[in-house]
Number of protein chains: 4
Amino acid sequence: MIIVTRAGVTRDEVDHIRERVEAAGLRTHLSVGEHRTIIGCVGDETLLSERALLSVPGVEAVHPVLKPYKLASREFSPTPTRIPFGATEIGGEEFVVVAGPCSVEGPEMMAETGARVAADGARGLRGGAFKPRTSPYSFRGMGEEGLRILAHVREATGLPVVTEVMDTRQVELVAGYADVLQVGARNMQNFALLTEVGRLHRPVLLKRGMSATVKDLLLAAEYVMSQGNMQVVLCERGIRTFETATRNTFDLAAIPVLKRETHLPVFADPSHAGGKRHLVAPLSYAAMAAGADGLIVEVHPCPEEATSDGEQSLTFDEFRGLMRGLEPFAAAVGRTVASTGAPVPA
Amino acid sequence: MIIVTRAGVTRDEVDHIRERVEAAGLRTHLSVGEHRTIIGCVGDETLLSERALLSVPGVEAVHPVLKPYKLASREFSPTPTRIPFGATEIGGEEFVVVAGPCSVEGPEMMAETGARVAADGARGLRGGAFKPRTSPYSFRGMGEEGLRILAHVREATGLPVVTEVMDTRQVELVAGYADVLQVGARNMQNFALLTEVGRLHRPVLLKRGMSATVKDLLLAAEYVMSQGNMQVVLCERGIRTFETATRNTFDLAAIPVLKRETHLPVFADPSHAGGKRHLVAPLSYAAMAAGADGLIVEVHPCPEEATSDGEQSLTFDEFRGLMRGLEPFAAAVGRTVASTGAPVPA
Amino acid sequence: MIIVTRAGVTRDEVDHIRERVEAAGLRTHLSVGEHRTIIGCVGDETLLSERALLSVPGVEAVHPVLKPYKLASREFSPTPTRIPFGATEIGGEEFVVVAGPCSVEGPEMMAETGARVAADGARGLRGGAFKPRTSPYSFRGMGEEGLRILAHVREATGLPVVTEVMDTRQVELVAGYADVLQVGARNMQNFALLTEVGRLHRPVLLKRGMSATVKDLLLAAEYVMSQGNMQVVLCERGIRTFETATRNTFDLAAIPVLKRETHLPVFADPSHAGGKRHLVAPLSYAAMAAGADGLIVEVHPCPEEATSDGEQSLTFDEFRGLMRGLEPFAAAVGRTVASTGAPVPA
Amino acid sequence: MIIVTRAGVTRDEVDHIRERVEAAGLRTHLSVGEHRTIIGCVGDETLLSERALLSVPGVEAVHPVLKPYKLASREFSPTPTRIPFGATEIGGEEFVVVAGPCSVEGPEMMAETGARVAADGARGLRGGAFKPRTSPYSFRGMGEEGLRILAHVREATGLPVVTEVMDTRQVELVAGYADVLQVGARNMQNFALLTEVGRLHRPVLLKRGMSATVKDLLLAAEYVMSQGNMQVVLCERGIRTFETATRNTFDLAAIPVLKRETHLPVFADPSHAGGKRHLVAPLSYAAMAAGADGLIVEVHPCPEEATSDGEQSLTFDEFRGLMRGLEPFAAAVGRTVASTGAPVPA
């Protein structure tokens, strides 16, 4: 922690600041400038509260030196975390694609979607049974019936299931069906939920909140990890800005920043980031080029009839095209991708 | 709903779009332009999904005509909602100030704070027993013990208690102690929590999320109201922008926008919006001038020792100064404020 | 300047950093922590480049200690700057309102507007002769003819003229007619223009850019002042955020932040900030309550026929209502406002 | 243009709105709903002002149907624009890299940089002679001497020169030396400057403003084109958001959005977007994967001694690594890139 004093700070104020810091067990070093004094605090920074120090008379600024996340940091684990996922693993050599509809709408559409995306190279199945919807009057998901449908499709296809959990009371229920628990953007700082999924031995896909910084995202992961669950996949899905040409603003640079800061795998969600079907492929290629470990993509048998997110869902043929399109980029980054090589319909 | 087609839309595409709309029970009107066609859809707009329409071939843009919130709208209730609150009411003639520390830290500091803020005109007591903290290593509140302390101070002072609930499993517990349940900014789109507090007969203070639009805030209120609980107080507390001179960006204009759009009372939280003690008074005066119905303000016996948010908490003397400072503005807007008129210490 | 090293910095790297700092004539103090080293740099900080230091091996963060603006800072001039303005002054006891149409559209409408706003208490006349328009196909102003019209209305009404300059080549021309030169939001970082208006002895109204921080705004003022022109009025007019309910997001808190940081007067532009007629009054009252020194407001004889910004322009009657509405708030802040006290038409 | 009325609009108000629209020469179609009426306006939309209509009584919303830019739109020119650039062209099959220092600092460093980047595949040389700096106390460029140095290096290397122009009075001077005139982010809405460079027969590199939408960027291009200069290269360089982990937020999705909306070539500036050396390569690869036509990249012989932007400048070896790294991505997108294939130093 570094403390910068106001111009014209008094000697007594400086002494008082030092006492507070030293009372917490840290040592202080002074650099006395013409106008301001800099107080370097050496020791266990977590014993000091940055914001409380700001209210001590004479203090103008406080700069923490250590990163606020520990378990999620590269310094904690220099080797990348790999998370077993069905027949493959997330964070390894393979670039992993998870696909499926926004919402589970029924057994037939899920069975058909699962079969098709599996055939074209998806390694996991997505689908929402509990849906966070901005309006209370929108379709909010099939609930447990949706979970059962997902489990049936897993049996049929072998694809592990990724599905969202929104409520601490449902964690056990969802964990009874899901292979990976998704925490959505709107719940990224639902700390009770983070704590609860942190108590499980089940991987968590943690989506970045719309106004969350990279640091906030890593602290949310730290919540999960501090409970003992180290299997967290981070997911960039766009942030909220003034730009309205896209649904959100895909923060592509967050991918290499995260890969440098943390050992956790990083996914991208090109469907929510762009919000338009024609943006899914270019955003996916870019995410791979920037170092992402995989994608979660929306695919629907008939997007114009989807109960949610139709305009950003790929058709089956478009999904096959995406998987084929990923191949040369996978080669460029030295990874594999599970496209079957089947021809894309014109 | 108004649908605008792409340039060069075909006759068949237009027919298909009309069929979809009419299948949902609405009527369509066509305005055929040189390049594009406009399809006006008349009838119950909630039967159509804007985003699904966007994926129908030939559609370029969809403009909803009706507001997505109903119970929260001025059209639903032209008269302002008034919510009984201790000895006064929120949304009435009195400008209501709720004050107290960020976190409940113990019985003595709460008793002292309650007594002092009550003496200086606060009409409600705030204090967090369950605290949402960005880092898992920060102090997260005293839990039920904190709630018990709040209840004791209510007995001593007569001040109703406003405190946060963060978890669906705690709603019943918190409601056993609190007069008003606060849903914090990070949980504004925790739809499970909104639904749960909507089932109670207890007022809800709903804080605007950091990246929530005014429309999102009203839809969050609609979640609560659609469950039957119409006693919602909205609270502007700043949004997240690029500006770093303040903790958040206080969206002052949201106050008159909300007052025009909804019958619900609107509060401001100048402590979180500005994030600095010296900004609390000017933001409070401005909020009152712009039409707010009240404030929720952080006050602490010794801000530099606060476990959280010290640099934005007022001292007791500063709080008295704030209450006195509000008086002439209350006169200017034709409202009352419960300052006692006691002199402010120099 | 404070330099924080990376974890695991080597002794040689630290030595190299110190050499660089000391070569610039500053002294260094070391605080060696367990993981990182803090290097305090004492002396003339302007001799070091923060961003260049960031590329020196071993450096992780650089925190400047001094503010980057000098002439604009409170420390440079503890007393507020007052700028003569027609019959009054800006930054003094009177809260000064400048009013007029977005664009000068012709002699009659300007004469009528000037007469009416003067009668109701405006102390200055606004009107654009050169208009920055997002589209090249929009009306871009009457040019010099517009300036001549403004000068005629000044003669008739005695109101000093505030008008925008957009091009370094027009500075002399505009200064031949205007009492105050306005630099618009889109040109706030047009450094050539700032330098040019800095060479005049004419007050400058400097509007905050849509993505400018408070610090950026003060540095833009510093550009003008560093050329010798100390008569700068800052103007908060809203920033660009994700919120679409208003044209811009009025950053009310910037007003008290600026009043604390600088001795320059601070105006607000409630017309552009809110972008809607019904928001002008509440934003104006709030700006005054938060400490602003004046307003610049759009008024038009017939807003629905305005060539630009009609939906945010007040009618004459609405302007009279605004001036009357400001009175009690002026009393609350201990200032005067030049309303004539004439009754507001129903 | 589509006009939506307020709930409870009167018959007279609707008639008045229609009269206004029809007076401008457009036809109107009515869709009368239960609460609101929709007025479709067919004809030349540019004859109506959206914002003026908003102030007509009874109007609640106005939705333009046509795009506000014409010359820049795909509809105007379905084939991509190709701009001759030295030995190659921008917008063609080759992915074009322009490289050089942020600022021209002297003849030796420019000669050395030009030789090295040319040898490693750069097709153009960048370097600022006139620098927009946030602080008036920062280095602001060598001016005309810098331009002369750039011209010398062009002679030596054959690389065309891209350099910034900031002032309408300097356009002729800069055009005397430069092959492409750069309009920087801070001047993207300096409409006088856009108009002036629009009068030249010289390509313009137009960088996106920090708070500019994609639509704003296209309208800025339209300014240039409406003067007759159709040779505009758009450049995504990051927007300003709440995220502080990067200098700006690289809006990757703007690249495919622009490629769909316009026939103009699209560049990316990974140096300013990320603001950190280690982000340049991943952002460059991603930009290529998303469809960009080229890059403008900062390279410096000794970044830690750069007068500006040192921490985001590549060394010569890093630049060679970047060019080699681009090769497989070029293959993936079916383009060429002019890397020489020389080995990258370890």
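Visitor: How many helices and strands are there in chain A?
Guide: Chain A has 11 helices and 15 strands. Helices (H or I, at least four residues) and strands (E, at least two) are DSSP runs, numbered from the N terminus. Mind that this is a predicted model: local features need pLDDT of at least 70, side-chain atom pairs count only at pLDDT 80 or more, and totals for chains, interfaces and linings use all residues. Residues are numbered from 1 along each chain as its sequence is written, while chains are lettered from A and ligands numbered from 1 in the order in which they are written.

Visitor: What box do the C-alpha atoms of chain A fill?
Guide: Roughly 75 × 45 × 40 Å, taken along the principal axes.

Visitor: And what share of chain A is buried?
Guide: Buried residues are 64% of the 346 in chain A. Buried is set by counting: 20 or more other C-beta atoms within 10 Å of a residue's own, with exposed at 12 or fewer and partly exposed in between; C-beta atoms are placed from the backbone.

Visitor: Let's zoom in. How many residues of strand 3 of chain A are buried?
Guide: 6 of the 6, residues 37–42, so strand 3 of chain A is largely enclosed by the rest of the structure. A:Thr37, A:Ile39 and A:Cys41 point one way. A:Ile38, A:Gly40 and A:Val42 point the other way.

Visitor: Which strands pair with strand 3 of chain A?
Guide: Strand 1 (residues 2–5) of chain A pairs with strand 3 in the antiparallel sense, over 3 bridges. Strand 2 (residues 27–32) of chain A also runs antiparallel to strand 3, joined by 6 bridges. Pairing here takes at least two DSSP bridges between the strands.

Visitor: Which residues stand opposite each other there?
Guide: A:Ile3 stands opposite A:Ile39. A:His29 stands opposite A:Gly40.

Visitor: What joins strand 2 to strand 3 of chain A?
Guide: A hairpin, through 4 residues.

Visitor: Over to chain D. What is the strand order in the open sheet of 4 strands?
Guide: In chain D the order is 2-3-1-4, with antiparallel pairing. Strand 2 (27–32) and strand 4 (59–63) of chain D are the edge strands, each pairing on one side only. Neighbouring strands of this sheet are turned by 20° against each other on average, direction ignored.

Visitor: How many bridges join strand 1 to strand 4 of chain D?
Guide: 4 bridges, and the two strands run antiparallel. D:Ile2 stands opposite D:His63 in strand 4.

Visitor: What lies across those strands?
Guide: Helix 1 (residues 11–23) of chain D lies across strand 1, strand 2, strand 3 (37–42) and strand 4 of chain D. Helix 1 of chain D runs at about 10° to strand 3 of chain D. Axes are lines fitted to C-alpha atoms, for helices over the stretch in contact, and angles run from 0 to 180 degrees between N-to-C directions.

Visitor: New topic. What rotation superposes chain A on chain D?
Guide: A rotation of 180° with 0.0 Å of shift along its axis, at an RMSD of 0.0 Å. That is the relation of a two-fold axis. Copies are superposed by least squares on the C-alpha atoms of residues with pLDDT of at least 70 in both.

Visitor: Which residue of chain A comes closest to the rotation axis?
Guide: A:Ala286, at 2.0 Å by its C-alpha.

Visitor: How many residues does the contact take from chain A and chain D?
Guide: 34 from chain A and 34 from chain D. Helix 10 of chain A gives the most to its side, with 7 residues. By class, the side of chain A that touches chain D has 21 nonpolar, 9 polar and 4 charged residues. Contact means C-beta atoms, placed from the backbone, within 7 Å. Ala, Val, Leu, Ile, Met, Phe, Trp, Tyr, Cys and Pro count as nonpolar, Asp, Glu, Lys and Arg as charged, and the others, Gly among them, as polar.

Visitor: What about helix 11 of chain B and helix 11 of chain C, how do the axes cross?
Guide: At roughly 170°, coming within 9 Å; each helix covers residues 316–333. That makes helix 11 of chain B roughly antiparallel to helix 11 of chain C. Angles under 35 degrees count as roughly parallel, over 145 as roughly antiparallel, 65 to 115 as roughly perpendicular and the rest as oblique.

Visitor: Which residues meet?
Guide: B:Pro328, B:Phe329, B:Ala331 and B:Ala332 meet C:Pro328, C:Phe329, C:Ala331 and C:Ala332.

Conventions
Contact = placed C-beta atoms within 7 Å.
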